[in-house]
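Hi,

Here is the structure I promised to pass on. Have a look at it first, and then read my notes below.

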Amino acid sequence: MGCVQSFRELCDRPKNTNVRISLPAVCFVWQIAMIILFGVFMRYDEESNPHWIEHRKANNLSDIENDFYFRYPSFQDVHVMIFVGFGFLMTFLKRYSFGAVGFNFLIAAFGLQWALLMQGWFHSLDYTDGKIKIGIENLINADFCVAGCLIAYGAVLGKVSPVQLMVLTLFGITLFAVEEYIILSLIHARDAGGSMVIHTFGGYYGLAISWMLYRPNLDQSSRLQGSVYHSDVFAMIGTLFLWMFWPSFNSAITDHGDGQHRAAINTYLALASTVLTTVAISSLFQKHGKLDMVHIQNSTLAGGVAVGTAAEFMLMPYGSLIVGFCCGIISTLGYVYLTPFMEKYLKIQDTCGIHNLHAMPGLIGGIVGAITAAAASESVYGHEGLINTFDFEGEFAKMVPTKQGGHQAAGICVAVCFGIGGGIIVGCILRLPIWGDPADDNCFDDEPYWELPEDEESIPPILQYNNHMRNKDVVESNFSMEQH
Amino acid sequence: MGCVQSFRELCDRPKNTNVRISLPAVCFVWQIAMIILFGVFMRYDEESNPHWIEHRKANNLSDIENDFYFRYPSFQDVHVMIFVGFGFLMTFLKRYSFGAVGFNFLIAAFGLQWALLMQGWFHSLDYTDGKIKIGIENLINADFCVAGCLIAYGAVLGKVSPVQLMVLTLFGITLFAVEEYIILSLIHARDAGGSMVIHTFGGYYGLAISWMLYRPNLDQSSRLQGSVYHSDVFAMIGTLFLWMFWPSFNSAITDHGDGQHRAAINTYLALASTVLTTVAISSLFQKHGKLDMVHIQNSTLAGGVAVGTAAEFMLMPYGSLIVGFCCGIISTLGYVYLTPFMEKYLKIQDTCGIHNLHAMPGLIGGIVGAITAAAASESVYGHEGLINTFDFEGEFAKMVPTKQGGHQAAGICVAVCFGIGGGIIVGCILRLPIWGDPADDNCFDDEPYWELPEDEESIPPILQYNNHMRNKDVVESNFSMEQH
Amino acid sequence: MGCVQSFRELCDRPKNTNVRISLPAVCFVWQIAMIILFGVFMRYDEESNPHWIEHRKANNLSDIENDFYFRYPSFQDVHVMIFVGFGFLMTFLKRYSFGAVGFNFLIAAFGLQWALLMQGWFHSLDYTDGKIKIGIENLINADFCVAGCLIAYGAVLGKVSPVQLMVLTLFGITLFAVEEYIILSLIHARDAGGSMVIHTFGGYYGLAISWMLYRPNLDQSSRLQGSVYHSDVFAMIGTLFLWMFWPSFNSAITDHGDGQHRAAINTYLALASTVLTTVAISSLFQKHGKLDMVHIQNSTLAGGVAVGTAAEFMLMPYGSLIVGFCCGIISTLGYVYLTPFMEKYLKIQDTCGIHNLHAMPGLIGGIVGAITAAAASESVYGHEGLINTFDFEGEFAKMVPTKQGGHQAAGICVAVCFGIGGGIIVGCILRLPIWGDPADDNCFDDEPYWELPEDEESIPPILQYNNHMRNKDVVESNFSMEQH
């Protein structure tokens with residue numbers, strides 16, 4: 001009887017994962033759109049333009065003072081985080097490594113083009129000729145913008161089609177650029193490492209989408225919802241490159257000189273502290289004190305998220321350690337208690353646990369940033385230092401630290417609202433039955449979207465046996481159905 | 001009867017893969033030769049010499065204006081591309097990962113020493129004392145030179161012995177240095193990212209060698225000529241590090257300031273565009289729209305190759321996107337149609353498909369470079385900018401952009417001729433039966449040259465069964481032979 | 001009877017690997033201690049402080065002359081070496097990859113905090129306010145300090161508990177900081193790349209601990225003391241990132257300008273040379289001339305260790321090649337002959353062969369440094385260059401090169417003494433039966449300390465069969481015991 005019912009259910013939801021028309025169409029149309037828009041709007045800025053030599057001589061600068069040399073090493077580190085970091089972090093599933101690293105690659109490569117345009121219109125538009133002028137800082141910001149969407153991918157990993165991911169990215173980048181403009185330019189909050197702008201927004205955006213795409217029968221794919229030994233080692237490549245290069249992430253677009261220097265130091269310290277408390281909690285809450293790879297792969301990074309906003313401020317070395325200390329505990333406890341709770345009671349299936357790694361630490365980061373900003377004083381920063389660090393110039397020349405703290409807090413709210421609101425809308429769109437997403441018993445599997453090598457290697461023998469048995473059951477149940 | 005015949009064939013070609021004498025001999029003799037030649041010729045240049053402090057003070061420079069700080073971050077990125085990028089890109093074969101990453105390591109480490117000498121004689125010889133003076137730029141150029149040989153390795157991957165690879169590298173570096181001198185110094189073509197000098201040359205060099213070493217019975221090794229799940233994930237490590245660091249590759253030796261800045265931006269954009277069209281074509285030409293890992297691993301990189309020459313020019317952001325757009329399509333179609341065609345009709349067995357990843361995109365890059373150079377104007381570049389970018393100085397002070405375009409085109413021809421011509425000659429040498437190459441049924445296998453761990457893990461069960469059956473067949477056929 | 005005896009033996013040594021109390025306790029207590037000590041002592045230095053802008057203007061500096069831009073790219077490379085390099089190099093064991101990369105992560109993250117304090121007290125204490133002032137150079141030095149302990153971890157890999165590793169690190173960092181202060185500040189030896197300070201000390205520290213923790217029955221774990229195909233490929237990730245970034249390691253804290261430039265060139269050359277002689281010796285001493293992955297993974301790095309001290313001196317390019325040439329031979333021969341000898345006769349079980357990769361090449365590096373220093377002259381370095389390179393300033397203004405050579409030699413002795421002496425003491429502490437280390441038949445296994453995925457994938461079928469048989473034997477012997 002269960003068999004008949006599940007058969008009927010299967011008929012009701014005739015999932016077709018063939019994306020042979022939709023995926024190429026989306027890729028081609030959007031890439032051609034990018035070319036046209038870049039042709040109309042995009043030009044080099046004065047530091048990446050051959051006229052630089054004139055500019056340089058007029059301002060008595062050395063070639064080494066081109067912004068390229070201030071930011072390029074950090075840019076490359078951020079680039080590694082986006083493509084290898086995020087990509088490999090998600091390879092932990094036993095049969096979804098191609099999708100993890102491949103789709104991450106696809107949506108990041110698309111997203112950064114759209115981000116250059118969206119952010120360019122808001123921040124780099126030259127009103128004299130109506131063109132966006134780009135340089136190395138725009139590339140970094142585009143990578144940052146993409147990070148928001150890759151975080152969201154973590155929540156829906158294995159449950160969506162590449163076409164859905166492209167749609168998620170298109171809207172995600174758009175929302176990100178608007179939200180970022182509001183937070184950084186209108187509200188004048190500071191957020192160098194993007195605790196609010198990137199992690200809080202990206203986290204809630206992904207969770208809201210995952211909530212909209214809730215699959216009550218996802219346990220039909222439970223056989224594939226775990227790791228194997230080597231897929232966990234692959235995931236550690238992602239973890240470590242994220243962990244190591246996070247100081248570059250948080251310092252990439254901070255002020256030249258002491259700003260970049262201090263942001264790197266604070267992030268380095270916060271991350272070190274997080275590792276110890278993550279290990280402690282992981283061991284404490286596990287039978288026999290054994291460590292859980294999920295915690296080591298993810299929660300060790302929470303400290304980097306949480307110093308994102310305050311990294312450029314005078315957080316002080318011990319302050320960074322404290323932030324990391326708390327985040328390691330909270331993030332690991334999140335994996336132990338919160339993720340199962342959210343799946344069971346809130347109907348949010350969060351494959352990678354982005355709530356514990358990005359959303360919560362992002363919120364903490366916003367709060368830490370607000371407090372640190374509110375506590376700033378000329379005695380600590382110096383007169384010029386305070387103006388420089390908080391950019392109290394132009395229309396914000398009369399800003400004071402306490403008020404800045406309030407603006408920081410307002411930024412958090414905007415990020416949360418955009419994340420949840422945007423995610424619900426985009427989630428609605430993604431529920432349309434046209435995107436080629438996999439059936440409930442076909443999730444976490446590369447098979448629908450990838451040509452797989454003809455090997456059985458990575459399927460553990462015990463599963464092969466189970467598959468064999470299941471097939472046998474099917475044959476037998478078919479047989480018994482015929483007899484009815 | 002087939003058995004007898006194949007036995008006879010085996011006797012005819014008594015392949016001995018024992019390189020216990022030849023490999024150590026080649027390594028020792030060549031390394032000692034390097035030491036002697038370095039002792040005679042190689043010295044530090046003025047920026048890596050303790051006299052730098054005097055030079056610095058005399059020219060009123062800061063320590064940070066030492067060329068080291070302009071180029072070292074890019075150098076390290078290029079270094080990663082050479083050793084991890086090329087090495088891991090080739091690990092996709094199920095049982096040739098040791099050879100891919102290990103022999104890549106060996107020939108790169110030898111090649112860069114020989115390249116420092118060859119390129120030094122042509123470009124960095126100090127005529128006052130007859131010494132080559134090296135600095136960071138020489139190290140980058142040596143890595144570039146090695147890249148040409150590693151590309152060639154891609155064509156013959158799995159079918160040659162390490163001794164053959166050392167010979168391929170020795171001659172490859174030599175040819176490269178001569179070809180580069182002709183193209184860059186005599187013809188005065190510009191080729192910052194080496195579309196012509198590195199990729200076109202390296203591609204045709206490898207293809208010509210592979211053509212000379214054609215193995216009609218290579219299908220005897222077909223059981224090993226594919227990937228397994230995890231070997232494809234390893235290969236993605238190579239792909240991503242190549243993809244991410246290609247902006248550094250193309251900008252590593254361009255002009256200080258805007259030159260490096262612009263080259264990085266153009267490459268970043270071209271690569272992003274390539275990913276989308278590669279995915280589109282891969283999905284479109286596959287049954288059920290499934291993506292093929294071979295395309296994702298390789299064709300996504302074609303855009304970086306194809307902007308190599310023009311990256312430092314005013315290609316414009318949309319120009320970079322267009323180049324990447326076309327290359328993704330052409331390269332992926334190359335894998336679908338051209339590689340099988342070349343193997344069947346042209347007798348060129350191209351293991352990694354370097355024709356699609358390097359040779360064709362390299363040609364395109366040369367053409368794009370010629371067009372962009374010919375279209376250059378003072379209105380776009382500015383007076384000084386034009387001179388700087390195209391180096392219209394010294395004996396080339398009267399050069400004009402249109403003429404430069406012609407010189408660029410001449411450069412392409414030289415690269416192709418050196419590649420094919422050199423490859424045929426070196427291929428002849430490599431056909432001598434003294435190099436210890438594997439038999440036709442022993443290709444794509446680490447077993448002949450590596451101590452392997454005693455595990456059966458990576459051989460899929462289905463193959464183990466086949467091996468078992470084959471052994472049984474041999475026993476039975478032996479038995480039937482005895483009965484005759 | 002053997003069964004009864006082994007049973008009794010098991011009772012005598014009731015190893016309990018449950019670290020559920022001890023590991024969290026150590027992590028929490030030590031991390032809280034770090035926070036308190038950082039709160040009391042640690043502040044930003046003048047280049048990472050908002051007052052930098054005043055300092056900069058007063059000294060007429062550009063932002064780009066902040067030490068951050070001189071050293072940050074090198075710092076990130078060193079950071080990758082510590083976490084990915086050392087971590088993945090040790091993943092070669094078939095079932096200890098989690099422990100290799102995970103415990104490496106844990107102790108490095110703890111060690112760098114303690115190192116910042118220890119080294120800060122010795123080198124960066126501001127006597128005006130009693131605070132340690134940190135900047136980017138301190139972060140690099142902390143990473144260096146951690147490297148010493150990670151080297152020691154290589155000797156005891158798979159045989160200790162994470163709690164023991166934390167203790168090993170706590171004492172290791174402390175000893176390192178004292179030893180470094182004596183060698184660099186009191187003796188005034190130069191050791192930019194740490195041949196003596198890091199590698200000699202770390203090597204002998206680890207070997208002495210391993211000697212103290214000698215396990216006569218370690219062969220009970222011999223089934224797990226090897227690699228599988230893919231674990232060897234993972235280890236190559238570690239090897240290559242160490243190899244590629246070693247020029248950054250040796251140049252990270254050398255003098256601005258020519259010092260960093262020359263150190264990078266020398267290291268690059270030495271490493272290239274080492275690869276060729278390692279391959280030669282590996283092939284020569286193996287049956288059929290096959291290469292051994294253990295040699296390729298480890299001995300290729302020996303050249304980088306051995307130019308550590310002399311990299312910033314005028315070693316000359318050919319000198320670097322010669323050092324690399326010798327170290328490749330010595331290190332590989334060490335793996336072939338010395339490691340088995342040491343295990344059999346000296347009772348030193350050296351899992352990763354750190355004697356061949358760090359201790360011996362470190363000694364060679366110290367000697368090369370002493371000779372190169374003693375041979376220095378004003379004709380080669382120039383007057384100012386000599387003073388700069390050897391830091392003949394302040395109380396050492398009257399130092400001469402020959403005497404400096406003697407001081408270098410004294411430095412080697414201090415490093416060896418601290419390594420062996422410290423290792424014996426710490427080894428004694430680690431022998432206490434309270435640390436949760438694994439039983440002799442449970443070594444090289446992730447099972448005691450990690451939640452493992454429920455797959456049998458990475459255990460080769462032949463072992464599965466053996467396990468099955470062993471279990472059967474146990475059942476049968478239990479049965480026969482009952483019958484007695």
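Is the crossing of H6(C) and H7(C) left-handed or right-handed? The crossing of these two helices is right-handed; a crossing counts as left-handed if the near helix is turned anticlockwise from the far one by less than a right angle, and as right-handed if clockwise.

Before the rest, some housekeeping. This is a predicted model, in which local features need pLDDT of at least 70 and side-chain atom pairs count only at pLDDT 80 or more, while totals for chains, interfaces and linings use all residues. Residues are numbered from 1 along each chain as its sequence is written, chains are lettered from A and ligands numbered from 1 in the order in which they are written, and side-chain values use heavy atoms, with hydrogens and water left out.

Helices packing on helices

Back to that pair in chain C. Helix H6 (residues 136-156) and helix H7 (residues 162-186) of chain C pack at an angle of about 130 degrees, with axes 9 Å apart. Helices here are DSSP runs of H or I with at least four residues, numbered from the N terminus. The axes are lines fitted to C-alpha atoms over the stretch in contact, and angles run from 0 to 180 degrees between N-to-C directions. That angle makes H6(C) oblique to H7(C); under 35 degrees would count as roughly parallel, over 145 as roughly antiparallel, 65 to 115 as roughly perpendicular, and the rest is oblique. Contact (heavy atoms within 4.5 Å) is made by residues including C:Phe144 and C:Tyr153 of H6(C) and C:Leu168 and C:Phe176 of H7(C). By class, this contact has eleven nonpolar, three polar and one charged residues. For these classes, Ala, Val, Leu, Ile, Met, Phe, Trp, Tyr, Cys and Pro are nonpolar, Asp, Glu, Lys and Arg are charged, and the others, Gly among them, are polar.

In chain A, look at helix H6 (residues 136-156) against helix H5 (residues 97-123): the angle is about 135 degrees and the axes are 8 Å apart. That makes H5(A) oblique to H6(A), and their crossing is right-handed. Among the residues in this contact are A:Gly99, A:Phe103 and A:Gly111 of H5(A) and A:Asn138, A:Cys145 and A:Tyr153 of H6(A). The contact residues divide into 13 nonpolar, six polar and one charged.

H6(A) also packs with helix H4 (residues 67-89) of chain A, at about 20 degrees and with axes 9 Å apart. H4(A) and H6(A) are therefore roughly parallel to each other, and this crossing is left-handed. A:Phe68, A:Phe75 and A:Ile82 are among the H4(A) residues that meet H6(A), where the partners include A:Ile140 and A:Phe144.

Where the chains meet

Now for the interfaces. 80 residues of chain B are in contact with 79 residues of chain A, and the area buried between the two chains is about 6900 Å², of which carbon and sulfur atoms give 73%. Buried area is the accessible area (1.4 Å probe) that two parts lose on being put together, summed over both. On the chain B side, B:Tyr229, B:Tyr268 and B:Leu276 lose the most area to chain A, together 13% of what that side buries.

Between chain A and chain C, 80 residues of chain A touch 80 residues of chain C. The buried area is about 6900 Å², with 73% from carbon and sulfur atoms. A:Tyr229, A:Tyr268 and A:Leu276 supply 13% of the area that chain A buries against chain C, more than any other three residues.

Salt bridges

A salt bridge is a side-chain nitrogen of Lys or Arg within 4 Å of a carboxyl oxygen of Asp or Glu, and the structure holds 36 of them over all chains. Two lie between chain B and chain A. B:Lys290 and A:Glu447 meet in a salt bridge at 2.9 Å, N to O. A:Lys290 forms one with C:Glu447, with the closest N and O atoms 2.9 Å apart.

Happy browsing!
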